[in-house]
Amino acid sequence: MKKNTAVNVTFAALIAGSALTTAVYAGESADAKNAESHDAAAQLEREASDTWREGKLDTIYLFNRHLNNFTIDSEVLGNTVVLTGKVESDVDKELAEQLARGMDGITEVTNRLTVVPSEEAREAASEGDREFSGKVEDATLTAEIKTKLLANGETDGLAINVDTKARMVTLTGSVESAQVKALAGEITKNVDGVSKVNNKLKVKS
């Protein structure tokens with residue numbers, strides 16, 4: 001907004017100018033907030049779209065009899081796919097790239113797949129399979145523990161965070177008393193498949 005350079009400015013004009021400046025600033029502030037909200041929403045939408053495409057590509061590899069999706073890692077960034085991992089031949093490497101290029105919205109593929117001997121590829125596949133199975137088991141244990149904590153009248157499952165890695169469970173959050181903390185630990189310990197419980201729950205003062 002340009003400054004008023006007139007010499008004879010009345011008091012009423014100053015008040016009007018001040019009100020106008022405030023209104024313009026408020027409008028600009030509101031516009032800035034709306035723009036930030038729109039940008040945040042757009043970012044979330046892009047991330048969700050990228051995640052959906054990654055899942056779709058993993059599924060394509062899973063059902064392709066020539067490829068092992070446990071040895072191929074795909075990362076989608078907008079219209080670009082980055083492939084890493086191990087395959088048994090140049091043919092498999094090219095096939096993985098072509099399948100990625102065939103997805104809607106993908107215009108570029110960075111193929112960093114490494115061709116390795118068949119034995120090494122199979123070993124990588126077995127390792128990937130074990131890792132995937134472990135993640136499924138951990139997720140299942142987490143869900144079961146949360147369900148039991150929610151079902152128990154003494155523990156507030158919503159206030160307790162459950163993190164499971166390699167069947168070792170960590171409890172975090174805040175509870176009302178030491179008794180509730182101990183009970184949550186016992187409930188978790190008694191879930192079949194849990195190997196260890198790290199009870200980090202804090203008692204509210």
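Tutor: The discussion below goes from the whole chain to single residues. Please keep in mind that this is a predicted model.

Student: How many helices and strands does the protein have, and which pattern do they follow along the sequence?

Tutor: One begins with an inventory of the secondary structure. Here the protein has four helices and seven strands. Read along the sequence, their pattern is α-β-β-α-β-α-β-β-α-β-β.

Student: What share of the residues counts as buried, and what supplies the exposed surface?

Tutor: Burial is judged by relative accessible area, with under 20% counting as buried. By that cut-off, 25% of the 205 residues are buried. The protein exposes about 13,900 Å², and carbon and sulfur atoms supply 53% of this area.

Student: What share of the contacts joins residues 24 or more positions apart?

Tutor: Contacts can be sorted by how far apart their partners lie in the sequence. Among contacts in the protein with a separation of 6 or more, 62% are between residues 24 or more positions apart.

Student: Which strands form the open sheet, and in what order?

Tutor: The open sheet of three strands runs in the order E1-E2-E3, and its pairing is mixed. E1 and strand E3 (108-115) are the edge strands, each pairing on one side only. From one strand to the next, the twist averages 10°. Helix H2 (residues 90-101) lies across E1, E2 and E3, and runs at about 155° to E3.

Student: In which sense do E1 and E2 pair, and over how many bridges?

Tutor: E1 and strand E2 (residues 80-87) pair in the antiparallel sense, over six bridges.

Student: Is Ser74 buried or exposed, and which side chain does it join in a polar contact?

Tutor: Ser74 lies in strand E1 (residues 72-77). Ser74 counts as buried because its relative accessible area is 13%, under the 20% cut-off. The side chain of Ser74 makes a polar contact of 3.2 Å with that of Asp58. Leaving out residues up to four places away in sequence, Ser74 touches several others, among them Glu54, Leu57 and Val81.

Student: How many salt bridges are there, and why can such pairs form?

Tutor: Side chains of opposite charge can pair when their charged atoms come close. The count here is two salt bridges.

Student: Which residue forms a salt bridge with Glu97, and how far apart are the closest N and O atoms?

Tutor: Glu97 pairs with Arg101, with the closest N and O atoms 3.0 Å apart. The two are four residues apart in helix H2, so about one helical turn separates them. Glu97 is buried, at 13% relative accessibility, while Arg101 is partly exposed, at 34%.

Student: Which residue pairs with Glu176, and where do the two partners lie?

Tutor: Glu176 forms a salt bridge with Lys204, and their closest N and O atoms are 3.1 Å apart. This pair links distant parts of the chain, 28 residues apart: Glu176 is in the loop between strand E5 (168-175) and helix H4 (178-189), and Lys204 is in the segment after strand E7 (202-203). Glu176 is exposed, with a relative accessible area of 57%, and Lys204 is partly exposed, with 45%.

Student: Where does Asn198 lie, and which residues is it in contact with?

Tutor: Asn198 belongs to strand E6 (residues 196-199). Apart from its neighbours within four places in sequence, Asn198 is in contact with Val169, Thr170 and Leu171. Asn198 is partly exposed, with a relative accessible area of 33%.

Technical notes:
Residues numbered from 1 in each chain as written. Predicted model: local features only at pLDDT ≥ 70, side-chain atom pairs only at ≥ 80, totals over all residues. Heavy atoms only, no water. Buried < 20%, exposed > 50% of the residue type's maximum accessible area, 1.4 Å probe, protein only. Contact = heavy atoms within 4.5 Å. Polar contact = N/O pair within 3.5 Å; in protein donor to acceptor, adjacent residues only side chain to side chain. Pairing = 2+ DSSP bridges. Areas by Shrake-Rupley, 256 points an atom, 1.4 Å probe, with all protein chains shown as cover. Axes fitted to C-alpha atoms, helices over the stretch in contact; angles between N-to-C directions. Salt bridge = Lys/Arg side-chain N within 4 Å of Asp/Glu carboxyl O.
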